[in-house]
Amino acid sequence: MDGTMPLLSALNLRKTYVKFANRIEVLRGVDLDVAEGEFLSVIGNSGSGKSTMLHLLGTLDRPDDGCIHLEGRRIDNLSAKMRDQLRNRTFGFIFQFYHLLPEMNLLENVLTPALITHSFWSWWQHRRELKKQALELIDRVGLSHRLTHRPKELSGGEMQRAAIARALINRPRVLLADEPTGNLDTANGQHIMKLLRDLNQQEGLTIVMVTHNLDLVHDTDRMVKLTDGRVEAPERNSIPTFATAGIGT
Ligand code: ADP
Ligand code: MG
């Protein structure tokens, strides 16, 4: 961090699940800063709490302790209604299993978050503009030829691309991706990674991606590791720095 305020910041997050007589201390003091425009990957073994952490960051769930700030404003202690509003506008989510609605076609699926965010009248007023945005996003993810197809008629890679378009319809500040390639073969996984990278680089989208696949992190700006309920000291990836050392030689 270079002293500018992080876009998203988690401090000392704790989360314990109690199941019957068992207490599972999943997060034991997670500290994490995400800079605006950064593509951050979070790795960790299965069960290490990656999904839990992502859900807390995106206000899908609340920490037992600790706090989360978005641009310096605390968001973890907002009312459920405020968190719903914030979540719909600020965060986009993509998941390993896509979570598309099976009865709706691709275009309808992509428009769903916009329908939820707008009141009936607001939707009615903006419907053409929203549909245009959805069509642009669907084009962006390369699925214009699949508009009226239902999820079951799409491949895994296509479903994830549809889910990315859906995640972006409300123009989120941060995309939270939970094992986005976890259910895809290598080629489709690479396609999704390239799409995420392009969205990050070309549109400045901030992305936090959790994965247990180390091969994926090379395409990201920075990697942190979740171990024993904490984020290990950040490591810089060996992304090429355009060093000036060679100039003039
Ligand atoms: P990861 O995404 O890294 O695989 P998770 O965050 O999904 O890990 O889960 C971390 C641990 O918390 C696991 O042991 C899991 O079984 C447990 N866990 C997750 N969600 C719940 C829940 N809602 N109730 C009880 N235990 C949970
Ligand atoms: Mg998980």
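Let me begin at the ligand: in this predicted model, a polar side-chain atom of Thr52 lies 2.5 Å from an oxygen atom of ligand 1, a polar contact being a pair of N or O atoms within 3.5 Å. The backbone contributes as well. A backbone N or O atom of Gly49 is 3.0 Å from an oxygen atom of ligand 1, and a polar backbone atom of Ser48 is 3.2 Å from an oxygen atom of that ligand. On its own, ligand 1 has 560 Å² of accessible area, of which the protein covers 63%; areas come from the Shrake-Rupley method with a 1.4 Å probe.

On conventions, residues are numbered from 1 along each chain as its sequence is written, and chains are lettered from A and ligands numbered from 1 in the order written. Local features need pLDDT of at least 70, side-chain atom pairs count only at pLDDT 80 or more, and totals for chains, interfaces and linings use all residues, while side-chain values use heavy atoms, without hydrogens and water.

Which residues surround ligand 1? They are Tyr17, Val26, Asn45, Ser46, Gly47, Ser48, Gly49, Lys50, Ser51 and Thr52, each with a heavy atom within 4 Å. Helix 1 (residues 50-57) gives the largest share of this shell, three residues; helices are DSSP runs of H or I, at least four residues.

Phe120, Trp121 and Trp124 make a nonpolar patch of about 430 Å², where patch residues have over 30% relative accessible area and no salt bridge, and nonpolar side chains are joined within 5 Å. A salt bridge is a side-chain nitrogen of Lys or Arg within 4 Å of a carboxyl oxygen of Asp or Glu. Trp124 belongs to helix 4 (residues 120-140).

Note on methods:
Patches are made of residues with over 30% relative accessible area and no salt bridge: like charges are joined within 9 Å, nonpolar side chains (Val, Leu, Ile, Met, Phe, Trp, Tyr) within 5 Å. Helices (H or I, at least four residues) and strands (E, at least two) are DSSP runs, numbered from the N terminus. A polar contact is a pair of N or O atoms within 3.5 Å; within protein, one must be able to donate a hydrogen and the other to accept it, and residues adjacent in sequence count only if both atoms are side-chain atoms.
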